[in-house]
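Here is a short report on one model. Please look over the sequence and the structure before reading on.

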Amino acid sequence: MRQIWITRAGPPEVLAVKEAPDPQPKVGQVRIRVEASGINFADILGRMGLYPDLPPFPVVPGYEVAGRVDAVGEGVDPVWAGRDVFAMTRFGGYSDVVCVRTEQLYARPAGMSALEAAAIPVNYFTAWQLLVVMGSLKRSETVLVHSAGGGVGIAATQIAKHIGARVIGTASASKHAELRALGVDHLIDYRTEDFEARTREFTNGRGVELILDAVGGDSVKKGYRLLAPTGRLGMFGISAAVTSKTRNPLSMLSVLAKTPWLQFNPIALINANKGVFGVNLGHLWRELDRVREWGDRLLELWAQGVVKPKIARSFKFDEAAQAHHFIQDRGNIGKVLLVP
Ligand SMILES: NC(=O)c1ccc[n+]([C@@H]2O[C@H](COP(=O)([O-])OP(=O)(O)OC[C@H]3O[C@@H](n4cnc5c(N)ncnc54)[C@H](OP(=O)(O)O)[C@@H]3O)[C@@H](O)[C@H]2O)c1
């Protein structure tokens, strides 16, 4: 098999393709010939040495793959053999052969390409947890989606519009026209405009009922202020800590310094009728039954044309460094994938 390794913490060029013998599926596992692997912002944080969950270097990152099952291990229903599938991987997804337990596996419906399927798990499960499971977004509410042009942002917009909510999105200006066409009602260029002031303008001063924030730091502080009564702030990342392509401890410290550690105290939350919650899909490995319920619902919505993964670009394994540059240069509108 061929795998993409993060050889050490550093810029995209630390990614290297290496060969190794094909793995054999263990008890309860299937082996997948991978046709597409998803890239996530967490892989970039991991590559820079900013992601504590990542096993020590050298390591093969990657949370999701799609392809076809070519071998099944002991105890696995043989019906899986030869099936088109997608799967969540606990690292190791940047590989053209992957073994996973069937709990992490989903059958790919007819008509769903491997590229589309590899774009579903992390982006859509996260968006679902934020909007539906914990955010309780309702019809005619307003949701502010940060990084609206990223994989999670586009997934969230599709689900929020299906619910009947209004979407305000922040994104680099070059993405606005396309994001408007994808359903975002109001767009803010947060790099030149104050998103707090612009959101107040769009909502006649009221604020919003839900915020999806993976930027962190100051963004969270402003977001909390922007919540209307009964509003909820969902936090799920710290992309503001990434200010260059190698680790910069000062930017991490700056984000931590701007984080409103004391604002979310119980008394303040009670008196303001506000809610604050966190999401980390990578910490739900003991809740896979629940996650499968979300996956089943999302597959129904895919069949209805609501869930429609937008692929920004796919890169060959040998171009993995370019793929990471592409995301960090803010070039993507939608999901970035690797193909063997
Ligand atoms: N907790 C979880 O379970 C979970 C799961 C998935 C994702 N996440 C988090 O959600 C965020 C978005 O993930 P994604 O996969 O949707 O992103 P993505 O598809 O990789 O998109 C990246 C986009 O984020 C924006 N961005 C914001 N700050 C940035 C920075 N400092 N450097 C480069 N780009 C930056 C850029 O768009 P603009 O320039 O247009 O803003 C960029 O194009 C990330 O922080 C990620 O870690 C968390």
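## Ser136 and the model

Ser136 is partly exposed, with a relative accessible area of 35%. (Buried means under 20% relative accessible area, exposed over 50%, and partly exposed in between, with a 1.4 Å probe and protein chains only.) Ser136 sits in the loop between α3 and β8. Its phi is near 45 degrees, a positive value in a residue other than glycine.

This is a predicted model, in which local features need pLDDT of at least 70 and side-chain atom pairs count only at pLDDT 80 or more, while totals for chains, interfaces and linings use all residues. Residues are numbered from 1 along each chain as its sequence is written, and side-chain values use heavy atoms, with hydrogens and water left out. Helices (H or I, at least four residues) and strands (E, at least two) are DSSP runs, numbered from the N terminus.

## The sheet

An open sheet holds six strands in the order β10-β9-β8-β11-β12-β13, with parallel pairing. Two strands pair if DSSP finds at least two bridges between them. The edge strands are β10 (186-188) and β13 (275-278), and each pairs on one side only. On average, neighbouring strands are turned by 15 degrees against each other, direction ignored.

Strand β8 (residues 142-145) pairs with β11 (residues 208-213) over three bridges, in the parallel sense. Val145 stands opposite Leu212 in β11. Strand β12 (residues 227-235) and β13 run parallel, joined by four bridges. Leu233 has Val276 in β13 as its bridge partner.

## Strand details

In a regular strand the side chains alternate between the two faces of the sheet.

Thr230 lies in strand β12. Thr230 has a positive phi of about 75 degrees, although it is not a glycine.

## Helices on the sheet

Helix α4 (residues 151-163) lies across β8, β9 (166-170) and β11, running at about 165 degrees to β9. Helix α6 packs on the sheet too, touching β8, β9, β10 and β11. Its direction makes about 165 degrees with that of β10. Contact means heavy atoms within 4.5 Å. Axes are lines fitted to C-alpha atoms, for helices over the stretch in contact, and angles run from 0 to 180 degrees between N-to-C directions.

## Two helix pairs

Helix α6 (residues 195-202) and helix α7 (residues 218-226) pack at an angle of about 25 degrees, with axes 10 Å apart. They are therefore roughly parallel to each other. (Angles under 35 degrees count as roughly parallel, over 145 as roughly antiparallel, 65 to 115 as roughly perpendicular and the rest as oblique.) The α6 side of the contact includes Phe195 and Thr199, and the α7 side includes Ser219 and Gly223. Glu196 lies in α6. This residue is buried, with a relative accessible area of 11%. Glu196 touches Lys222, Arg225 and Leu226, not counting residues up to four places away in sequence.

The axes of α3 (residues 121-133) and α10 (residues 288-303) come within 10 Å and cross at roughly 100 degrees. These two helices are therefore roughly perpendicular to each other. Among the contact residues are Trp128 of α3 and Trp294 of α10.

## A cis peptide bond

The peptide bond from Phe57 to Pro58 is cis, with omega near -10 degrees. Pro58 is found in the loop between α1 (41-47) and β4 (64-72).
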